[in-house]
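Please look over the following structure before reading the briefing. The notes are grouped by topic.

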Amino acid sequence: MSTEQIRWLLKVMQPERTLASLPGRAGISPEIHAALIGLPPKVYSAELNLMKKEAREAAGELLADPSCASLVDRLYLPRGAKVVAFGDSLTSDPQSWAVILGELLAARRAADGVSFSISAVAAETTTHGLVRIGEVIGQQPDMILFLIGTNDARTQGPHPTKTLVHHEETARNVAELRQRVSRETEARCVWITPPAVNEEQVAGHWGLARFGVRFRNENLARAAGIIRDFDDTVIDAFSNLGTPPRSDLLMGDGLHLTLAGQKQLALEVIKGWSTAK
């Protein structure tokens, strides 16, 4: 298996997060995680540790820019604030924008005692999000960063007739997520639109094609538009990253982001969040 294939499995499958809701999750060893995605334990651990190291370095590179450091300083975060990033594989990726953001806060806002956690599971739709949001609400966070809806726009097979979640249902789901957070917490929300994809790369990728996964940017644009209409703070990743995003921002599957892409998305989030009132 090539390094590219190994990295794809680690960035996309993430068994440790997929199994996180199981009662016996604490007893699931890294060796079992590795076996579940067909990797030798030593390869799994070494590559994962390297990816996490690269994410920390990416955060350091962002902070080396005084303008970026200033944005992090301006983020609305009360002392001791609890922040949760909520989403799917774009967020649960070990090199995700959320991981990079957590590193930025740890390095730049350590004195504020901010608690940052990630609640994200690969392949989930907004319908799955309705199930999982209760666990996040139970934490009574001060801020929730949402990036969800990409998989709503997903289709299966070469001649699909529907998306996994109809766009009208996506609208109802995200409205319910907003209402639950508003009624049951004091949290502020930042919403990130699903980014666009490279449709041809998605259709031809060795990992996605075996499951018949397809995406069309017109469906993703519809999901992004639902988020874009919110009164909350919105980061328009669909527009800001390009349609499709540049090749250096996308992995070979045309869907998931490279480290450079996640770093760019983290910067977009910081820019948008820093203007929130």
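At the start of helix H8, a side-chain oxygen of Thr125 comes to within 3.2 Å of the backbone nitrogen of Thr127, where helices (H or I, at least four residues) and strands (E, at least two) are DSSP runs numbered from the N terminus. This is a predicted model in which local features need pLDDT of at least 70 and side-chain atom pairs count only at pLDDT 80 or more, while totals for chains, interfaces and linings use all residues. Residues are numbered from 1 along each chain as its sequence is written, and side-chain values use heavy atoms, with hydrogens and water left out.

**Helix H8**
- A kink of about 40° in H8 is centred on Arg132, the bend at a residue being the angle between axes fitted to the seven residues ending there and the seven starting there.
- Thr126, Gly129, Arg132, Ile133, Val136 and Ile137 of H8 are buried, that is, under 20% relative accessible area, with exposed meaning over 50% and partly exposed in between (1.4 Å probe, protein chains only).
- The buried residues of H8 pack against strands E1 (82–87), E2 (115–120) and E3 (143–147) and against helix H9 (167–184), contact meaning heavy atoms within 4.5 Å.
- Just after H8, Gln140 adopts a positive phi of about 50°.

**Cysteines**
- Cys68 counts as buried because its relative accessibility is 2%, and Cys189 is buried with a relative accessible area of 13%.

**Ala203**
- Ala203 lies in helix H10 (residues 199–204) and counts as partly exposed at 28% relative accessibility.
- Not counting residues up to four places away in sequence, Ala203 touches Ala209, Val213 and Arg214.

Terms used:
A polar contact is a pair of N or O atoms within 3.5 Å; within protein, one must be able to donate a hydrogen and the other to accept it, and residues adjacent in sequence count only if both atoms are side-chain atoms.
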